[in-house]
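Good morning, and thank you for coming.

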Amino acid sequence: MTDPVRSAAGGRLGRDRGQAAVLLIMIVAVLAAATMSGIGRLGANVRDRVHAQSIADAAALAALGGGRGEAAAVSAAQGATLVSWSNGPGPGEVTVVVRVGSESATARASDAPIPGLWPLTGP
C-alpha cells in the first residue's frame, strides 16, 4: 500500500522541478536587455560626439574664409547647430562650438603662419 502523503509530495516535487531554472533564465534575459539598452545609448552618445567634432572642425575651417555665416551654413548642412563663433584667441584664428543631439564639440582653426615654418627654407 502506498502512503498518500508521500505519493502526493512526490508528485508535487516532480511537477515543481525546473522552476528555478526558468526564473534564472528570465532574470538573465532581463539583465541582458538592460545591458544592451545601456550599450545602445552609450554608442549613440559616442557617435554624436564624434559627429559633432567632425562638423566643428569643418565649420572652423569654413569660418576662416566666410566668417560666422559660412560656419553656420556648414553646421546646418551636416545636421548640427552652431552654438558659438568667435575670433581668436590668437591672430587669424576662429573658434566654433557646435551641437549634435546632446553632444557639443569645440574646434579652432587658424590661417596664420606657423612661426619657424614659413617661409619654407631649404637647400
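Predicted model: local features only at pLDDT ≥ 70, side-chain atom pairs only at ≥ 80, totals over all residues.

Arg47 is exposed, because its relative accessible area is 54%; by exposed I mean over 50% relative accessible area, by buried under 20%, and by partly exposed anything in between, with a 1.4 Å probe and protein chains only. Residues are numbered from 1 along each chain as its sequence is written, and side-chain values use heavy atoms, with hydrogens and water left out.

Arg47 forms a salt bridge with Asp48, and their closest N and O atoms are 3.4 Å apart. A salt bridge here is a side-chain nitrogen of Lys or Arg within 4 Å of a carboxyl oxygen of Asp or Glu. Asp48, for its part, counts as buried because its relative accessible area is 14%. How many salt bridges does the structure hold? It holds one. Side chains of opposite charge can pair when their charged atoms come close.

Leaving aside neighbours within four places in sequence, Glu103 is in contact, meaning heavy atoms within 4.5 Å, with Asn45, Asp48, Arg49, Ala52 and Val98.

Glu103 has its place in strand 3, which brings us to the sheet. Helices (H or I, at least four residues) and strands (E, at least two) are DSSP runs, numbered from the N terminus. The sheet is open, with three strands in the order 1-2-3 and antiparallel pairing; two strands pair if DSSP finds at least two bridges between them. Strand 1 (81-87) and strand 3 (103-110) are the edge strands, each pairing on one side only. From one strand to the next, the twist averages 15°.

Let us take the pairs in turn. Six bridges join strand 1 and strand 2 in the antiparallel sense, and Trp85 stands opposite Val96 in strand 2. These two strands form a hairpin with five residues between them, and in its turn Gly88 has a positive phi of about 105°. Strand 2 (residues 93-100) is joined to strand 3 by eight bridges, again antiparallel, with Glu93 opposite Ser110.

Helix 2 (residues 19-77) lies across strand 1, strand 2 and strand 3, running at about 40° to strand 3. Axes are lines fitted to C-alpha atoms, for helices over the stretch in contact, and angles run from 0 to 180 degrees between N-to-C directions.

Finally, the core. A nonpolar core is a set of buried Ala, Val, Leu, Ile, Met, Phe, Trp, Tyr and Cys residues joined through side-chain atoms within 4.5 Å. The largest one has 16 residues, of which Ala56, Ala71, Val96 and Val98 touch the most other members. Helix 2, strand 2 and strand 3 each supply at least two residues. Which element gives the largest share? Helix 2 does, with seven residues. Ala71 is in contact with Ala59, Ala63, Leu82, Trp85 and Val96, leaving aside neighbours within four places in sequence.
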